[in-house]
Amino acid sequence: MAKDDTTDDRSLRKARFAPYLMTLPGLLCLYLFFLVPLVTLLKIALSVRKESGSSDVDFQWKWSNFSTAFTDFGPHLERAFIYAAIATVVCVVVAYPIAYFIAFKAGRWANLLLGLVMVPFFTSFLLRTIAWQSLFADDGPVLGIIDSLGLLGATDAIRLTTNGKIMNTPPAVIGGLIYNFMPFALLPIYVSLEKVQVGLIDAASDLYSSFSRTFRSVILPLSMPGVVAGTLLTFIPASGDFINNELLGNAAREPVIGGVIQSRFLDAGDFPTASAISLVLMVLITAAVLIYAKFLGTEDLA
Amino acid sequence: MTATTTKPMSSTSSPGRPRRAWGTIVLWIVAIGGFVYLFIPLVTIAVFTFNDPETKFNTSWQGFTFDNWLHPFKDKAFTDALLVSVEVAMVACIIATILGSLMAMAMARYKMHGGAAMNLLIVLPLTTPEIVMGSSLFTLFFNLGVDRGFWTVVIAHTLFCLSFVAMTVKARVRGLDWSLEDAAADLGSTPARTFWQITVPMIIPGVLAAFLLSLALSIDDYIITSFVAGPTITFPRRIFDSARIALPPQVHVLATIIMLVAIAIIVIGTIAGNRREAQNR
């Protein structure tokens, strides 16, 4: 059997000079272009604009920028988090059986199927989203199928469609998010399922465990790290995303927080407010991640 | 050599357990449905390369034509933007792959002081929303008075690819058998020769995979790029800016070409891998 993570520590050599030298350029990069910018972001978030309309700022320890960000943009934050949460749940629930299939049923085609899961990554994110414009269009195939099944009334009732349309409504945005982030949920779940030894499953069934019981007490717990990683890898980018809202939703009437941040920076030139919103988003996401990780009792976030 | 192992087919179809048969059928249906779902938009993109749009938007079907495939580079604005994206991706991903692989190798093989902190610093950019990374880099360049353009895009892309490469390579090299290096040294190999003949062949599949995926990440990035690009127009930026004005079918052709190349690499890679495994058995 290959060495797994737990035996690693003993086999590690003590570092002398070379390994530190190997990590130095990378760490310097991360320090200069990840940590320092976050500090700058905080600094700008605590500044005020010199005069309205100008992009120059004065640093003043203005903590009230944060409370303003919260009160003025609460609905946008809430909308982004609701979209992201729904998309994440659907992604994980749908991705799990597919990952399970690849891990346990695909045999030697597993690598090919995994590769196919990655193919969307090699096609423009924006074009994939624009393709959904065609699919969700008023005369497009999705509504066509729902209509021919006579279900438009039912989908209207559960608000999946609005007056027989999908485009420019929240379900279209969430649909786009689900599609675009599905591989991020699927890949980590697959990785953890792949590590589950078939012997354990066979042992459980030899001992007369029903499949549902084997699943609940053997497979699911062992694949939990993958589920956690998949959830985070979906939820984090989805909550900051504004492309799906911009291309599939009604961004003018129902903006999400990511779009607000971008337009405040690039169109309005209101850097202090934009920086404050950006940091609020980051803090809220970090808090959500920590609560979630604690709730599930795992620290294996990577 | 790599960590992938083909699992024996599990004993789901064993006699005497008919209850699981329908479960397997449901699983097949879900899996096939899932793959169909993943490919529907990609097929849509490919189909629209044959569209002959009467309006400026290539989003609703008007008529069939081969014209777009005969002139894939007709729309210069998009071709130029794609070239910029490829240039950025090559520079950023080569730097990121070298620096990231070095970090991954050091961390996977040596016990280092501050290893946990290092790990955290590498993971953080991956768990930070793009919008936050983009805006923080924006404030940095604004604060320093740096003009945004090609090189600021390269810096941003290097950064997010660096973390990605380091994590991916680290996961891949963790299970490798480093005693082979000692064996080579014991047999009188020089360190340089050991490196080129033992170490490099061991790590190269993981490094290459990370490089290819980081290329995909870089070429496709819109959010971070929009903050740091200034006047530099990358392929995703051009698409996004055009999405509400005009979207010529040539864009779909360019994207389809990239997609087909990726599929070809994956299929050939899998077949070659399966054949190698069959030979080793």
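Author: A crossing of two helices is called left-handed if the near helix is turned anticlockwise from the far one by less than a right angle, and right-handed if it is turned clockwise. This is a predicted model, in which local features need pLDDT of at least 70 and side-chain atom pairs count only at pLDDT 80 or more, while totals for chains, interfaces and linings use all residues. Residues are numbered from 1 along each chain as its sequence is written, and chains are lettered from A and ligands numbered from 1 in the order in which they are written.

Start with helix H3 (residues 76–109) and helix H8 (residues 191–220) of chain B, which pack at an angle of about 140° with their axes 9 Å apart. Helices here are DSSP runs of H or I with at least four residues, and strands are runs of E with at least two, numbered from the N terminus. The axes are lines fitted to C-alpha atoms, for helices over the stretch in contact, and the angles run from 0 to 180 degrees between N-to-C directions. The angle makes H3(B) oblique to H8(B) (under 35 degrees is roughly parallel, over 145 roughly antiparallel, 65 to 115 roughly perpendicular, and the rest oblique). The crossing of H3(B) and H8(B) is right-handed.

Which residues of the two helices meet? H3(B) contributes B:Ser85, B:Val86, B:Val88, B:Ala89, B:Ala92, B:Cys93, B:Ala96, B:Thr97 and B:Ser101. Facing them in H8(B) are B:Val207, B:Ala210, B:Phe211, B:Ser214, B:Leu215, B:Ser218 and B:Ile219. Two residues are in contact if their C-beta atoms, placed from the backbone, lie within 7 Å. Residues three or four places apart on an α-helix point the same way, because there are 3.6 residues a turn.

A second pair is helix H4 (residues 115–127) and helix H6 (residues 150–173) of chain B, whose axes come within 9 Å and cross at roughly 120°. H4(B) and H6(B) are therefore oblique to each other, and their crossing is left-handed. On H4(B) the contact is made by B:Ile122, B:Val123, B:Pro125 and B:Leu126. The partners on H6(B) are B:Leu159, B:Phe160, B:Ser163, B:Phe164, B:Ala166 and B:Met167.

H6(B) also holds B:Phe150. With 16 other C-beta atoms within 10 Å, B:Phe150 is partly exposed (20 or more such neighbours make a residue buried, 12 or fewer exposed, and anything in between partly exposed, with C-beta atoms placed from the backbone). B:Phe150 and B:Gly230 are 80 residues apart along the chain, and 8.4 Å separate their C-alpha atoms.

Next comes B:Phe227, in helix H9 (residues 223–228) of chain B. Is B:Phe227 buried or exposed? B:Phe227 has 26 C-beta neighbours inside 10 Å, so it counts as buried. Leaving out residues up to four places away in sequence, B:Phe227 touches B:Gly134, B:Ser135, B:Leu137 and B:Phe138, and also A:Phe265. B:Gly115 lies 112 residues from B:Phe227 in sequence and 32 Å from it in space, C-alpha to C-alpha.

Helix H10 (residues 235–242) of chain B is mostly covered, with 7 of its 8 residues buried. The buried ones are B:Phe235, B:Pro236, B:Arg237, B:Arg238, B:Ile239, B:Phe240 and B:Ser242.

Now place these helices in the chain. The domain assignment of chain B gives domain 1 (19–67) and domain 2 (76–247); such bounds come from an automatic or database assignment. The centres of the two domains, taken over C-alpha atoms, are 31 Å apart.

The largest nonpolar core has 152 residues, among which A:Ala95, A:Ala99, A:Ala185 and A:Ile277 touch the most other members. A nonpolar core is a set of buried Ala, Val, Leu, Ile, Met, Phe, Trp, Tyr and Cys residues joined through C-beta atoms within 7 Å. Domain 1 and domain 2 of chain B both give residues to this core, so it lies between them. A:Ala185 touches A:Cys91, A:Val92, A:Ala95, A:Gly230, A:Leu233 and A:Thr234, again without residues up to four places away in sequence.

Chain A has 13 helices and 3 strands, and 45% of its 302 residues count as buried.
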